[in-house]
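Work through these exercises with the sequence and the 3D view side by side. Try each task before you read its solution.

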Amino acid sequence: MTPRTGRLLVLAGVFICAACGLVYELELVALASYLIGDSVTQASVVLSVMVFAMGIGSLLAKRLRCRAAAGFGLVESALALVGGLSAMALYAAFAWTGDKGEVWEGGSRYLLVAFSLAIGLLIGAEVPLLMVLIQRIKRQDPSGAVSDLFAADYVGALVGGLAFPFLLLPLLGQLNGALITGAVNAVAGGALVFGLFRHDLSVRGRWALLVANVTVLGLLASAAVLVGDFEAAARRAVYGKDVRIAVHTDIQEVVLTGGRNKSLDLYVDGHLRVSGRDGRRYHRALVGPAMNGGRHARVLVLGGGDGLAAREVLRHPGVRRVDVVELDPGVVRLARRDPALSELNGQVYRDPRVRVVHADAFRWLRSPPRTYDVVISDLPDPVGTASAKLYSQEFYGLARRALAVGGRLAVHAGPVADRPRVFWTVEATLRAAGLLTEAYRVEGSSTDWGFVLAAGSPRPRPVLDQRRAAAPPPAGVMSAERTRVQGLDPSTLVHPRYAN
């Protein structure tokens, strides 16, 4: 083999290993954001810990320079094993230790840091060892060798970064994607060492490295075979034994538990969105005060793809049109077709007055086709970065623009008792957008829900004063004023204030 061919093969190995390393990083960020929430925090933890660990790994690699080939082979085997199994381990910690009160209640958070540290250490050791190996093929100026290595490394990172969201995640999912990436990493590292530098290894070293690679590939293959059963068992641990439907849409994971004879629960990305026990009380408290406050011929529902908010809207006479803006078509498809969920929402999507738009609510509000008498914001709690923009001052400014004269906006603002600062920040943000507000709450079987009724002008009719309201408030509705937190600043797009 000519030195030119050898250098190209080493750079190809750098390219593949760099792509695998970035995939591990993105897998940790994506899974942690889904399991733990707050994508900005999880990305910051993974990136900062991993970059720090890469520096430590580069320093530790000095001890392996005299045995660069064996060291690189073992580093790649360890990286393939740790990176390939990281997603399954993180999911297992979340499923079997989260929210159960044990010592390891925060197990998934600890493992996120541990895997970021371990993967960073191993990735950091790669380049110094590869620098030694490429110089053995053909001696060249160190600056030129470093330039070649980093060029291959950065291009590989680009390919890995693009392959993860557009290829691995949609086709294989998070668990299988990590396992396949680990297998590719192990094969690439082993092929490079055995193909170019086997004479640098002793006989014992060759056998040890061969056994290590075969063991790693065997473990990854076994995990790939069992990943379906593992995911089903973990899902039962998270959601209970009555899991009936679990689907990964293009946007999120949707799980239905229970059915017609049992309480139906709908989970979106691990968070309970609809409860058959409390769903009717929740949606009546959200929808009723706004609908009873005046005209309600045209109604806009932001979120609420499950159809339950639209069901409550249609209970009021005089409704001529209901527009539902839901980002995920998979949720609406499930609400249409699942017998138990469609029974719960009263077959609402068969009503000709209901029209569905699949779009991001923020973008859609920037150019609304018409104004509405009532706008219902039935969106996820504002505790993560992704949902924070839907509770921002800019978002409520757009919602206010969509209100007709005398129109009302009803907002689900999360539990009052558990997160009073979050709840009252929503109310402060609505006021900062120029809306007049009234905050109220209702208690469920396991938590309470906070809502804010808002209007531009005139002030909304008080929902808690039955003498002045157009209709009595829903049962259980009470004022939230006694929990008020004073002096809170509004949340904006560039300064979200809903930290958990």
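Residues are numbered from 1 along each chain as its sequence is written, and side-chain values use heavy atoms, with hydrogens and water left out.

**Exercise 1. Find what the protein averages in pLDDT, and the stretch below 50.**

Step 1: pLDDT is the predictor's confidence in each residue, from 0 to 100. The average here is 87, and 92% of the residues score at least 70.
Step 2: Residues 466-470 fall below 50. Beyond near neighbours in sequence, that stretch has 7 contacts in the model; a contact means heavy atoms within 4.5 Å.
Step 3: Where pLDDT is low, predicted coordinates should not be read in detail.

**Exercise 2. Describe the largest nonpolar core and name the elements that give residues to it.**

Step 1: A nonpolar core is a set of buried Ala, Val, Leu, Ile, Met, Phe, Trp, Tyr and Cys residues joined through side-chain atoms within 4.5 Å. Buried means under 20% relative accessible area, exposed over 50%, and partly exposed in between (1.4 Å probe, protein chains only).
Step 2: The largest core holds 63 residues. Leu28, Leu35, Phe72, Leu90 and Leu130 have the most contacts inside it.
Step 3: Helices H1 (3-35), H2 (39-60), H3 (68-97), H4 (107-137), H5 (142-196) and H6 (203-239) each give two or more residues. Helices (H or I, at least four residues) and strands (E, at least two) are DSSP runs, numbered from the N terminus.
Step 4: H3 supplies the largest share, 13 residues.
Step 5: Another core, of 39 residues, lies apart from this one; Ala285, Val299, Leu308 and Val319 are among its members.

**Exercise 3. Is threonine 181 buried or exposed, and what does threonine 181 touch?**

Step 1: Locate threonine 181 in helix H5.
Step 2: Threonine 181 counts as buried because its relative accessibility is 5%.
Step 3: Leave out residues up to four places away in sequence; threonine 181 then touches Cys20, Val23, Tyr24 and Leu168.
Step 4: A polar side-chain atom of threonine 181 lies 2.7 Å from the backbone oxygen of glycine 177. A polar contact is a pair of N or O atoms within 3.5 Å; within protein, one must be able to donate a hydrogen and the other to accept it, and residues adjacent in sequence count only if both atoms are side-chain atoms.

**Exercise 4. Show which residues of helix H9 are buried and what covers them.**

Step 1: H9 spans residues 329-337. Gly330, Val331, Val332, Leu334 and Ala335 are buried there.
Step 2: Their cover includes strands S1 (243-248), S2 (253-257), S3 (265-268) and S7 (354-357), and helix H10 (339-344).
Step 3: Look at the start of H9. A side-chain oxygen of aspartate 328 comes within 2.9 Å of the backbone nitrogen of glycine 330.

**Exercise 5. Compare how S1 joins S2 with how S5 joins S8.**

Step 1: Two strands pair if DSSP finds at least two bridges between them.
Step 2: S1 and S2 run antiparallel, joined by 5 bridges. They form a hairpin with 4 residues between them. Alanine 246 stands opposite valine 255 in S2.
Step 3: S5 (298-303) and S8 (372-378) run parallel, joined by 5 bridges. Valine 299 stands opposite valine 374 in S8.
Step 4: An open sheet of 8 strands has the order S7-S6-S5-S8-S9-S11-S10-S12, with mixed pairing. S7 and S12 (478-479) are its edge strands, each pairing on one side only.

**Exercise 6. Classify the aromatic pair of tyrosine 282 and tryptophan 449.**

Step 1: Rings of Phe, Tyr and Trp (its six-membered ring) pair if their centres lie within 6.5 Å; planes under 30 degrees apart count as stacked, over 60 as edge-to-face and the rest as tilted. The count comes to 11 aromatic pairs.
Step 2: This pair is edge-to-face, at 5.4 Å centre to centre and 75° between the planes.
Step 3: Tyrosine 282 is in helix H7 (279-292) and tryptophan 449 in strand S11 (448-455), 167 residues apart. Both residues are buried.
Step 4: Tyr282, Tyr440, Trp449 and Phe451 form one aromatic cluster.

Note on methods:
This is a predicted model: local features need pLDDT of at least 70, side-chain atom pairs count only at pLDDT 80 or more; totals for chains, interfaces and linings use all residues.
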